[in-house]
Amino acid sequence: MNMEMVKLTIDKKEVEVPEGTTIYKAARKAGIEIPVLCYMDLGDLNIEHKPGGCRICVVEVEGRRNLAPSCSTEVYEGMKVHTHTIRVLNARQTVMELLLSDHPKDCLICPKSGNCDLQELAIKMGVREIHNQDIAEVSTYRTDFSPAIIRDMNKCIMCRRCETMCNELQTVGALSAINRGFMSVVAPAFEMDLEDSVCTYCGQCVAVCPTGALTEVDHTHRLIRDLSNPAKTVIVQTAPAVRAALGEEFGLPPGTLVTGKMVAALRRLGFKYVFDTDFSADLTIMEEGTELLDRLTKHLRGDKSVRLPILTSCCPGWVNFFEAQFTDMLDIPSTARSPQQMFGAIAKTYFADKIRVKRDNLIVVSIMPCLAKKYECTRDEFKVDGNPDVDYSISTRELAHLIKKANIEFNTLPDEDFDLPLGESTGAGVIFGATGGVIEAAIRTAYELYTNKKLPRIDFHELRGMDGIREAVIDFDGLSINIGIAHGLGNARKLLEDIRNGKNHYHAIEIMACPGGCIGGGGQPLHHGNFGILKKRMEAIYREDATKSIRKSHENPYIIKLYEEFLGKPMSERSHKLLHTHYVDKSKKIIYI
Amino acid sequence: MTDFKIHLLVCGGTNCRSSRSSILAEQLRAEIKNQGLDDYAQVVTTGCFGYCENGPVIKVIPDNTIYTQVRPEDAEEIVTNHIVKGRKVNRLLYKDPRTDKIIVDAREMETYKKQIRIALRNCGVIDPESIDEYIAKDGYTALGKVLTTMSPEEVIQIIKRSGLRGRGGAGFLTGLKWELTRQTPGKEKYVVCNADEGDPGAFMDRSILEGDPHSIIEAMAINGYCTGASQGLVYIRAEYPLAIDRLRKAIHQAQEYGMLGADIFSTGFDFDISLRFGAGAFVCGEETALIHSMEGGRGEPTMKPPFPSVKGFLGKPTNVNNVETFANVPAIINKGTEWFRSIGTEKSKGTKVFALAGKVNNVGLIEVPMGITLREVIFEIGGGIKNDKKFKGVQIGGPSGGCLTEKHLDVPIDYESLVDAGAMMGSGGMIIMDEDDCMVDVAKFFLDFTVDESCGKCTPCRIGNKRLHELLINITKGNGKEEDIERLINLGNVIKDTSLCMLGQSAPNPVLSILENFIEEYEAHIRDKKCPAGVCKDLMKYEIVAENCVGCTACARACPVGAITGERKEVHYIDQSLCIKCGACMDRCKFNAVIIN
């Protein structure tokens, strides 16, 4: 497209930008940072959220009657913009005061305190007085507690970022604005509970919420209580994506791997055993890879009862999505449980027996980059006599808080190793944390099991990357395996609709609910829309894979031992009982309009 | 065809129907039949005469007699005396409120003398449910002329040259909008008629749709031809059942007559119209919000540009015009630009329909040439202030407009002059206030409306107007502080300066214009804790003057809450903590012993 250039002045500085650029972006180019609040730029996802709702970013444009929202006003030739006239400052200050007049002032006990865009802006603007607060009505709403996400809409400022994530990016459709005027707020339809809606708990709304309106269910207090209980043995598993992001919370540059420090911190917090979800990721590959080969061979033999493609099932947000919205396809995903749940099932049987601790006295905690994992732990399928395989899950952000709370000087910790046996893992387990990783790990194993030959190469670069939907053909010694990959539920929807419409040629598809995979999960340190951070995390994941001595799941010696001592072989009867699951048609439970 | 000698036009608009005009029409028909006059006289149910407060209204043609406040029971007398004996029924004739003179011929009514009816040309004249009557009044000739003899560009030039501007509020040049939509490339385009009339008290769009639906259909088809659209949509609020019903019938008739559908007038031009219903949100009158609502989304505005002409319904170029704007179009095509330009002022051509309401004698719809003064409208057409009270102010442009005063009475009504005076044309609501109205209360009333109707999208409108409203409530309760006035001005100006759409940008107008013109009333509330008009209940107290009280107990018996105590023949006393300030005691007291303090 032929881009015309436009010349304008901002605060008397000349700027030249392509036609269609907004004042805000042109100002940034000129080195002028206009304050914004509701605005959110997810450039790599092609989402620029600029509803022009908060009106904080207003500027004066010569010749224009009123102030212009810089985030959503396009520049024109010869435009003269002033970003900090008294008129602008007065307007911004007044608008800020209005926002604060309808916002709780209990910052001291707000989970978002210190990480809140509204608070940061209030500090910058220095609002010292809210006029007539004594006669000001404050809009209040019922707090909505779901198993993963808490909605405290008293703190909602109507930036509508969550709506964009839920509807445009994820196409879930759980959140939208309801009510009018002063009482308008973002909520599930008819202000029903999140739990009764189509919400997948992917947590992308939480990840972008500028205030404490949307937060994760915080389990750290429960964890402290359990750790202090001498009758309990508390063990922990850590998901692969956590180690690639946790350091950010301690000021380390994005992409710093903190595996060893994380293990040391967890040990200092008092966990009896520090294990790795990467171990159960390897186990997942054994089960899922075997299932893939089983379905593939049957399909190739012409067995019509077997449906392809097989879809990965590690991501609980994704599982919730298809259970609610693609109920006609519940037989396509792999029946393999997620690594979190496989870990819990093995820990509370095999490992509990080994250390002679009763199931009831063993507390399994998981550290996850994810909020849907909190819900996943509570599913009835993953309980034995009411006792859950994984007791609860805490997010990367919660872990960081906990480490700070315990005054552990994270950055000076020594690197320590995971405990054995459930702490041993391969490079294949690590890459579960990035989009494309699960399918790459599966191929490393499936190839060798199918062909009985050694893989000629381990790195499948064609499966990696940040494109929303990717595909590749992998040669299984003469047999072409078509692989599809999607991350972000909107992209997943496209693939699923293709399958539903018969437009599909894939044998296997990997789907992750969050952009970038788990590294961009709803429980990770906030990236504020900066995808550069996600890319750095992704690099870290593949770096860890490359440095591992074993990089194929089926070569993990402790996995081999687990099958020998306990499970028999993949897809065995015991495996089925402990490591596989079934899916539920949730559309009946959800209240549709 | 029967050649009737006498036509009885009975108003069938919503207002007259609510005072039983359809029963009246039935009675008249029955009576005519009874007296064997079927071939002589005919009853026609028409659209609104604009004379609503005096409804039901009947007009007798050919002698131009107007009967007001006619009840169904009067049918026999009208038929017997007027039709058979040729004697007018004096008691039902209109009486001039100022001179008390009985008006025998409607053409002598002051209220009609200064009106020029273009948009309302057929309202109260034809049966809106009959396409034949519309055609008999030159209906669809404009469409025929346009389709068979003119190019779209020529038509757009005519509309542009006529100077017609949007009658929905902002006054954008209609022809320019059409041109923009035409010039935007796109295979699929839409014509939208904005019938989401929402100003309190304004009902001109409803009256046009009820009284002359075909004029809108014809104009939309002309617009479709000009812009390249083959689909028309009318966005109408579901609270207008009669308008919807008549519009549906009209669309059906137009389709039967080939005025809508495929290959209209055998010119190869296809155009059809369907209806979309709104749930009555005021903000959906804003065109981007209207479009989102039609698409099934939340009715809230988005930034312009892009304008609907470029990216509108379903992302396609869309021409949105309001009902009254469309109603002017066929007349302009038929009578020419020179005729239209001869009416009005330099920058505002043609006429404007206003809904007169409040403390004026002739409440109803009027259509006046642009440039007429407020004085002419209120004191001549409107018949002056009710009960000879003193004129205080007039709110023009609905809740988004401003309040003008005595000193503005000679301002000519056109788009620019009204804005200069601190009001706006808006959709044409005109609410007249007299000495008994408290202006702070009036500002509170209008703000109450906009606070309620805000969509909630942008901060200044969602929270700012609420805060403004709270300040006013506080002032009318007697809790206002000196600095509140400055706060109102700053907050009001920031809301105007920063709100996303015109609803928010104009919501503080009543507050600010009243501050400018009636500052002393604000001051009286804040400093003296007094409401000069005696409206704000929290600022007044009913008290009994001991010298005048004879102890008759009438007030105590009248008090609905038992706030008055006192023995017979002794001075009574009002317990202020119980008093609800209804004024029943004052009405009842014969000795002027109850006073307002």
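Two strands are said to pair if DSSP finds at least two bridges between them. The legends below describe a predicted model.

**View 1. An open sheet of five strands in chain A.** In this predicted model, the strands of chain A are arranged in the order β2-β1-β7-β5-β6, and their pairing is mixed. Strands of a sheet pair through backbone hydrogen bonds, which may be parallel or antiparallel. At the edges of the sheet are β2 (13–18) and β6 (68–69) of chain A, each of which pairs on one side only.

**View 2. Strands β5 and β7 of chain A run antiparallel.** Strand β5 covers residues 58–61 and strand β7 covers residues 80–82 of chain A; two bridges join them. Glu60(A) has His82(A), in β7(A), as its bridge partner.

**View 3. Helix α2 of chain A lies across strands β5 and β7 of chain A.** This helix is formed by residues 86–101 of chain A. Relative to β5(A), helix α2 runs at about 155°.

**View 4. Domain 2 of chain A touches domain 3 of chain A.** Chain A is divided into domain 1 (5–84), domain 2 (99–216) and domain 3 (221–586). Taken over C-alpha atoms, the centres of domain 2 and domain 3 of chain A are separated by 31 Å. To their contact, domain 2 of chain A gives 17 residues and domain 3 of chain A gives 23 residues. On the side of domain 2 of chain A that touches domain 3 of chain A, helix α5 (residues 204–208) of chain A gives the most, with three residues. By class, this side of domain 2 of chain A has ten nonpolar, six polar and one charged residues.

Definitions and conventions:
Residues are numbered from 1 along each chain as its sequence is written. Chains are lettered from A and ligands numbered from 1 in the order in which they are written. This is a predicted model: local features need pLDDT of at least 70, side-chain atom pairs count only at pLDDT 80 or more; totals for chains, interfaces and linings use all residues. Helices (H or I, at least four residues) and strands (E, at least two) are DSSP runs, numbered from the N terminus. Two residues are in contact if their C-beta atoms, placed from the backbone, lie within 7 Å. Axes are lines fitted to C-alpha atoms, for helices over the stretch in contact, and angles run from 0 to 180 degrees between N-to-C directions. Domain bounds come from an automatic or database domain assignment. Ala, Val, Leu, Ile, Met, Phe, Trp, Tyr, Cys and Pro count as nonpolar, Asp, Glu, Lys and Arg as charged, and the others, Gly among them, as polar.
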